[in-house]
Amino acid sequence: MENLPETLYVDPTTGGSSSSAGVESAVVEHTRIEQCIDLLHQPSRREEALALLNKERRSKEMAVLIWNSKNVSFFLLQEFCKAYKLLSPPALGMKEATTVCNAVALLQSMASHPDTKMGIVRAKMPVFIYPFMNTTEQRLKHFDYLRLTSLGVIGALVKVEDTNSPEIIHFLLETEVIPLCLRCIEVGGELAKTVAAFVVSKILLYEEGQQYCGTFPERFYAVAQVLINVVDQFTIKPPLQLLKHVLNCFLRLSEVSRACDALGKCYPAKLRDPGYLNFACEDPYVRRLADQVLHNVAGHI
């Protein structure tokens, strides 16, 4: 697995080069990135260029340079499309997975940058990585890396709340990202489950997201059942971040009247049990979340 990129889910709030590096260092970095971008135009060296650019992913200006460079977005889409035919039946090898993960990671860098993220949303570029989130292969680990790297793009889009957030949420709901996140929660590894639950919890912060998931019974039960299954699978102390995001999802659903009525009937027994909560919720914030959800659904049991 050492050949796979380190990207996976890069925190979009962590940032680029240190300001102390100075102007000279910034110029060198800029030149290096432009040289890598030039390599993308050579099909025989594109795999190498993607790997080199992936190493520069924390640069503050790389996303803008990529977005504004002629044909680069098209080259990324080409890499995505080449991988589609290897998804089912699962024939994606380590080498191909590494290359497409590097391409997806560059899309994530644009999704993380305030000057480029709305450009990729309005160009509908994220939909090209949706097939990677819809895979069901669980035996081959590099499929999960691809799933996780793709989730990182969506996570980057929703992480920072600003004036563009409602448009981003509308785009994600309109393009049916919720079922894809639920698929990732069902079949993904722990990190993929965690990022997918994070995305769903962020979408549920918005009224449109709550209406999408909480108004129609079939949608509510699809979301709730996947979350319930996650909780039921906790045989030992659950991963804290995953539990936190699952509880955040339940909390947002419990704020929708019709959804809360249904949640009162199906809320997991484990999360009603004070003994289990004492065991599972080491973090005071997570315990407060659990108590708040329980308070909200208590009147609907």
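User: What is the basis of the numbering and of the values?

Analyst: Residues are numbered from 1 along each chain as its sequence is written, and side-chain values use heavy atoms, with hydrogens and water left out. The model is predicted, with local features needing pLDDT of at least 70 and side-chain atom pairs counting only at pLDDT 80 or more, while totals for chains, interfaces and linings use all residues.

User: Why is H8 described as largely enclosed by the rest of the structure?

Analyst: A residue is buried under 20% relative accessible area, exposed over 50% and partly exposed in between (1.4 Å probe, protein chains only). In H8, 16 of the 19 residues are buried, so the helix is largely enclosed.

User: What makes the contact between glutamate 56 and arginine 32 a salt bridge?

Analyst: The term requires a side-chain nitrogen of Lys or Arg within 4 Å of a carboxyl oxygen of Asp or Glu. Here the N to O distance is 2.5 Å, so the pair qualifies. The pair links distant parts of the chain, 24 residues apart: glutamate 56 is in the loop between helix H2 (46-55) and H3, and arginine 32 is in helix H1 (residues 22-40). Glutamate 56 is buried at 12%, whereas arginine 32 is partly exposed at 34%. The structure holds 12 salt bridges.

User: Why are lysine 82 and glutamate 79 said to be separated by about one helical turn?

Analyst: They are three residues apart in helix H4. An α-helix has 3.6 residues a turn, so residues three or four places apart point the same way. The side chains of lysine 82 and glutamate 79 meet in a salt bridge at 3.4 Å, N to O. Glutamate 79 is buried, with a relative accessible area of 8%.

User: Why is the pair of tyrosine 84 and phenylalanine 132 called tilted?

Analyst: Rings of Phe, Tyr and Trp (its six-membered ring) pair if their centres lie within 6.5 Å; planes under 30 degrees apart count as stacked, over 60 as edge-to-face and the rest as tilted. By this rule there are six aromatic pairs. The centres of tyrosine 84 and phenylalanine 132 are 5.7 Å apart and their planes lie at 50°, so the pair is tilted. Tyrosine 84 lies in helix H4 and phenylalanine 132 in helix H7, so the pair ties together parts 48 residues apart in sequence. At 0%, phenylalanine 132 counts as buried.

User: What makes phenylalanine 250 and tyrosine 267 an edge-to-face pair?

Analyst: Their ring centres are 5.1 Å apart and their planes lie at 80°, so the pair is edge-to-face. Phenylalanine 250 and tyrosine 267 are both buried.

User: How do you know that arginine 46 lies over the face of phenylalanine 75?

Analyst: The rule asks for NZ of Lys or CZ of Arg within 6 Å of the ring centre and within 35 degrees of the ring normal. Arginine 46 lies over the face of phenylalanine 75, at 4.2 Å from the ring centre.

How values were computed:
Helices (H or I, at least four residues) and strands (E, at least two) are DSSP runs, numbered from the N terminus.
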